[in-house]
Amino acid sequence: MAVYNDFFGPYGGRYVAELLRGPLDELEEAFKKAMEDETFLAELKRFGKEYIGRPTPLLYAEKASKAIGGADIYIKLEGLANTGAHKINNAAGQALLAKRMGKTRIIAETGAGQHGVATAAVCARLGLKCRVYMGSEDIKRQRPNVFLMEMFGAEVFPVESGSKTLKDAVNEALRDWAASSADTHYLIGSALGPSPYPDMVREFQSVIGREVKEEQEKRKLQVKAMVACVGGGSNAIGFFEPFIAADSPRLIGAEAGGTGPEAGCHAARMTGEGKTGVLQGYKSRFLFDGDGQVLHTHSISAGLDYPGIGPQLAHLGEIGRIEFTSVRDDEALEALRFFASREGIIFALESAHAGAAGLKIAAQYKPGEAVIINMSGRGDKDIFITAKALQRDKWFDFLREETENG
Amino acid sequence: MAEKNIIMTHLVAGYPDLEESRRAALAMVAGGASYLEVQFPFSDPIADGPLIQGACTDALNSGFSTDKGFDFLSSLTAETDVPVFLMTYANLLMAPGVEVFVGRAAKSGASGLIIPDLPYDYDEGLYKAGEMADIPVVPVVIPGIDEERLKAILAMKPPYIYTAVRKGITGARTTIEEETVRFLDRLSRSGAKVLAGFGIREKEQVDLLSRHVHGSVVGSALVEIIGRCAGENRDCSGDVKAFVESLLKP
Ligand SMILES: Cc1ncc(COP(=O)(O)O)c(C=O)c1O
C-alpha cells in the first residue's frame with residue numbers, strides 16, 4: 001500500500017483547527033521524503049538492529065499448542081524489544097525523522113507509560129529534549145514507568161484536565177504542539193490522530209509484520225490466522241500490514257472487553273457501541289454518547305483503555321478484512337497465567353488480550369496449521385496490577401514490609 | 001476600521017449552569033457586546049486552553065446536553081437583538097449528523113457557526129449544510145496560515161472570518177505583533193467582517209484591533225470572571241457587565 005493515504009475508506013483525515021494544520025503539512029512532506037531516502041531507511045534499520053534488538057524472535061509455543069490441541073501456536077516476541085514493547089519501533093522512527101527535520105524537542109503522550117518510556121529512551125540516545133504528557137490518574141497507577149522516564153531524563157508532565165487519562169494527555173500534547181511546532185515534534189504513540197500519523201505509525205511498525213512474513217516463508221508455515229490486541233492499533237496494524245492486501249490469513253483484532261458490555265466498563269469500539277465520529281483530529285469509530293460527548297472507558301490494561309481506534313483498522317474492520325473480538329479483564333489474566341506456566345513467557349496485559357483470543361482461534365484449527373499471536377509487550381511493567389490481582393495477600397504483605405523497613 | 005469598539009463576547013453554555021450562563025449572556029449584551037459567541041461544551045475541546053476546558057467539563061457535569069443547548073440558544077436569540085454565533089467541536093455535529101445539527105442551529109436563530117476542527121477541506125459537509133440552512137459557517141484562520149489555504153478560504157467569500165491573533169490555544173494574554181496587524185489588514189480588505197480573538201482581555205488590545213478588524217473576541221477573561229463569581233456563589237451579571245463596559249469606554 002502507499003506510504004501516505006490520508007483516508008482509509010471514510011476514515012482518517014486531518015480534522016484539525018488551522019493552528020495544527022501547518023505543522024501537520026510540514027510533517028507529511030518530511031515523512032514522504034524520508035521514506036524514499038535510502039540513508040534514512042538504513043539508519044532506521046541499523047537503529048533497530050543495534051539498539052532495539054531486531055529482529056525479535058518468532059517462538060513456536062509447543063506446550064501451549066498441545067494443551068489446546070488445535071493449531072500450532074506461534075508467538076511473535078515483540079516484548080523482547082528494548083524497553084519491553086513494540087512502542088519503540090515507532091518512537092525510533094519518528095525521533096529519527098524529527099532529528100532530520102531539525103527539531104530539538106520531542107513531546108509525547110502516554111497512558112500506561114510504555115510509549116512514554118520508549119520515547120524517553122530514544123530521546124536520551126539521540127540527545128533530544130523530551131516532555132511526556134501523562135494523565136495524573138495514570139501517573140498514580142504507573143509509578144514504575146514514571147520513574148524510568150525520569151531516569152532517561154524526560155520531564156513527565158501531569159495532565160489534570162478531563163478524565164486525567166490517555167485521551168486527555170493526547171489533548172494536552174496537541175495543545176503544546178500548536179504553540180511549539182517550530183522546534184518541537186509531537187511523537188504520537190499509536191496509529192491514530194490526524195494524518196499523516198496513522199500512515200507514519202503503520203510504516204514504522206510494519207517491521208513486525210515483515211519479520212513474521214520472512215519467518216513464515218523460511219519455515220513454510222501454513223498460517224491460518226494472526227491475532228493482535230488493539231488499543232489505538234499500532235501493534236496490530238504493523239503486525240498485519242504485509243498480509244492485508246491478500247485474502248488470507250484471517251486477521252483478528254482483540255479489543256478490551258473490560259468488566260462487561262455496559263457503557264463505561266470497556267473499550268470495545270468495534271464490537272461494542274462504537275459510532276462514527278471526529279475526535280483528536282481524525283475520523284473513526286469512537287465511544288461517545290448520543291450528543292457526541294466521549295465516554296469513559298475501562299480496561300485492566302491501560303494501553304487498551306482508549307475511546308478511539310486507528311482509522312485504517314476501523315475501515316478494515318468494516319469491510320471485513322479484520323475480524324474484531326473483545327476479551328474481558330479476567331480472560332486476559334487467565335491467558336497471562338496460561339502462557340506463563342506453559343511457555344515461560346509473561347505477556348503484557350494488553351498483549352494477553354491477543355493471547356486469550358488466539359487460544360480460542362487456535363482451537364478452530366488442527367496441528368500443522370498455524371496461528372500467530374503478537375505479544376506486543378512483556379509484562380514486567382504490570383507487576384503492580386497483576387500481582388495484586390493474582391496474589392493479593394502476599395503482594396500486600398510485601399509492599400507493607402517495603403514501606404515499613406525501607 | 002470600526003467607528004467604535006465592537007466586541008464579540010464568548011461564553012460556555014451551561015457554565016456554571018444554564019441559568020447563570022443566561023444571566024452572563026444578557027449582562028454581556030447590557031454591557032455593550034455586539035455579538036455573542038456561545039460555546040457548546042465538548043468533552044475534548046483541543047483548541048481551548050485549560051480554563052475553557054475546565055468550564056466545559058463543569059458544564060457537562062452540571063447536566064448540559066445538546067437539547068438544552070439549543071433551548072438556551074433559542075431563548076437567547078428571542079430575548080436579544082445581537083447576533084448569536086454557535087461555537088463547538090466536530091463531534092457534536094457528527095453525533096446527530098452534520099445536516100441535522102446545522103438545521104437545528106439555524107432554527108434556534110444562530111447567526112453563524114464556528115467549528116474549528118472542521119476546516120473547509122475536511123468539513124464533513126458543513127459548508128454545504130450551512131448554505132442550505134442559510135447560516136454562515138465562519139472559517140477560523142491564524143496568522144501564518146499557508147498562502148494557498150488562505151486564498152481558498154477567501155475565494156469562498158465568507159461573510160465573517162474568525163482569526164486568532166497569535167499561534168497557540170485560547171488562554172494567556174497576547175501581544176499583537178506588527179506582522180499580525182498586516183495580516184489582519186489583509187483579511188479585512190477581503191470584505192469579510194473579521195473577528196479577532198485568542199488572548200484579548202484589555203482595552204488597549206481592543207482599541208488597537210478596532211483599527212484593523214471588524215471586532216474583537218473576548219473569551220477567557222470573561223470565563224474567568226464567571227468562574228470567580230460561581231466560586232463565590234454570587235450572580236455574575238454585575239461583574240460581567242462592568243468588564244464589557246470597561247473594554248468599550250470611549
Ligand atoms: C504492550 C502494549 N501493547 C499494546 C498497546 C496498545 O497500543 P496499540 O494498539 O497502539 O498497539 C500498548 C499501549 O500502551 C502496549 O503498551
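Colleague: What volume does the largest pocket have?
Modeller: This is a predicted model, and every value here is computed from it. The lining of the largest pocket is made of 24 residues, and those closest to its centre are A:Lys45, A:Arg54, A:Val207, A:Arg210 and A:Glu211. The volume of this largest pocket is about 640 Å³.

Colleague: Which helix gives the largest share of the lining of the second largest pocket?
Modeller: The second largest pocket, with about 350 Å³ of space, is lined by 15 residues, and those nearest its centre include A:His296 and B:Asn61. The largest share of this lining, three residues, comes from a helix of chain B, namely α2 (residues 50-61).

Colleague: Which strands stand at the edges of the six-stranded open sheet of chain A?
Modeller: The strands of this sheet follow the order β3-β4-β14-β9-β10-β13, with mixed pairing. A strand at the edge has a single partner, so one of its sides is left without a neighbour in the sheet, and this holds for β3 (58-60) and β13 (322-328).

Colleague: In which sense do β4 and β14 of chain A pair, parallel or antiparallel?
Modeller: Within this pair of strands, A:Lys76 stands opposite A:Asn374. Strand β4 (residues 72-77) and strand β14 (residues 370-375) are joined over six bridges, and the sense of their pairing is parallel.

Methods:
Residues are numbered from 1 along each chain as its sequence is written. Chains are lettered from A and ligands numbered from 1 in the order in which they are written. This is a predicted model: local features need pLDDT of at least 70, side-chain atom pairs count only at pLDDT 80 or more; totals for chains, interfaces and linings use all residues. Side-chain values use heavy atoms; hydrogens and water are left out. Two strands pair if DSSP finds at least two bridges between them. Helices (H or I, at least four residues) and strands (E, at least two) are DSSP runs, numbered from the N terminus. On a 1 Å grid over the protein atoms alone, a cavity is a set of points where a 1.4 Å probe fits but cannot get out, and a pocket is an open set with protein on both sides within 12 Å along at least five of seven lines; lining residues have an atom within 4 Å of a point. Grid points are joined across faces, edges and corners, and a volume is the space filled by probe spheres set on the points.
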